[in-house]
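Good morning, and thank you for making time for this item.

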Amino acid sequence: LAARLAAAGLPAEAVACRSAVGGGSLPGESQASAGVAVAPGSGGAEALAARLRAGAPAVVARIAEGRLLCDLRAVLPEQDETLGAMMVAAWREGAQ
């Protein structure tokens with residue numbers, strides 16, 4: 001996914017990350033995961049995250065170290081294409 005985003009012109013890279021594990025059952029616990037980090041461009045990371053949340057389907061990502069981080073723990077391989085398209089559209093919308 002990171003390679004596809006980079007090929008589309010987004011400053012994206014695959015990263016190791018940590019995911020929260022169950023809110024009420026294991027508060028404060030996390031597990032190793034993998035994600036895609038994208039530099040937000042001129043609009044900022046919060047604006048990029050907001051555009052993704054407003055999309056259909058909505059994409060929920062978080063901000064880490066000034067970049068948008070999409071944790072892939074709950075993303076199925078067959079959803080990569082849709083997720084990538086949503087991320088490219090939201091990033092390009094902010095670049096206008």
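The chain exposes about 5500 Å², and 56% of that area is supplied by carbon and sulfur atoms. Accessible areas here come from the Shrake-Rupley method with a 1.4 Å probe, and for residues only the protein chains shown count as cover. Please note that this is a predicted model, in which local features need pLDDT of at least 70 and side-chain atom pairs count only at pLDDT 80 or more, while totals for chains, interfaces and linings use all residues. Residues are numbered from 1 along each chain as its sequence is written, and side-chain values use heavy atoms, with hydrogens and water left out.

Next, the fold. Three helices and four strands form the secondary structure of the chain, in the order α-β-β-α-β-β-α from the N terminus. Helices (H or I, at least four residues) and strands (E, at least two) are DSSP runs, numbered from the N terminus. The C-alpha trace spans about 45 × 25 × 25 Å along its principal axes. How does the radius of gyration agree with that of a compact globule? For 96 residues such a globule would have a value near 12 Å, and the chain has 13 Å, which agrees; the radius is taken over C-alpha atoms, and the globule rule is 2.2 Å times the number of residues to the power 0.38. Of the contacts (heavy atoms within 4.5 Å) with a separation of 6 or more, 61% are between residues 24 or more positions apart.

I turn now to the loops. Between β2 (30-38) and α2 lies the loop that holds Pro40, and Ala39 is also placed between β2 and α2. Pro40 counts as buried, at 15% relative accessibility, whereas Ala39 is partly exposed at 26%. Leaving aside neighbours within four places in sequence, Pro40 is in contact with Ala45, Leu48, Gly66, Arg67 and Trp91. Ala39, not counting residues up to four places away, touches Pro11, Arg67 and Trp91. Pro40 and Trp91 are 51 residues apart in sequence, yet 7.0 Å apart in space, C-alpha to C-alpha.

In the loop between α2 (45-54) and β3 (62-64) we find Pro57, which a cis peptide bond joins to Ala56, with omega about 5°. Glu65, in the loop between β3 and β4, has a positive phi of about 55° although it is not a glycine. Is Glu65 buried or exposed? Glu65 is exposed, with a relative accessible area of 78%.

Finally, the largest pocket has a volume of about 360 Å³. Of its 18 lining residues, the closest to its centre are Val60, Cys70, Asp71, Ala74 and Val75. Two or more lining residues come from each of β1 (12-20), β4 (67-71) and α3 (80-95). On a 1 Å grid over the protein atoms alone, a pocket is an open set of points where a 1.4 Å probe fits, with protein on both sides within 12 Å along at least five of seven lines, and lining residues have an atom within 4 Å of a point. Grid points are joined across faces, edges and corners, and the volume is the space filled by probe spheres set on the points.

Technical notes. Buried means under 20% relative accessible area, exposed over 50%, partly exposed in between (1.4 Å probe, protein chains only).
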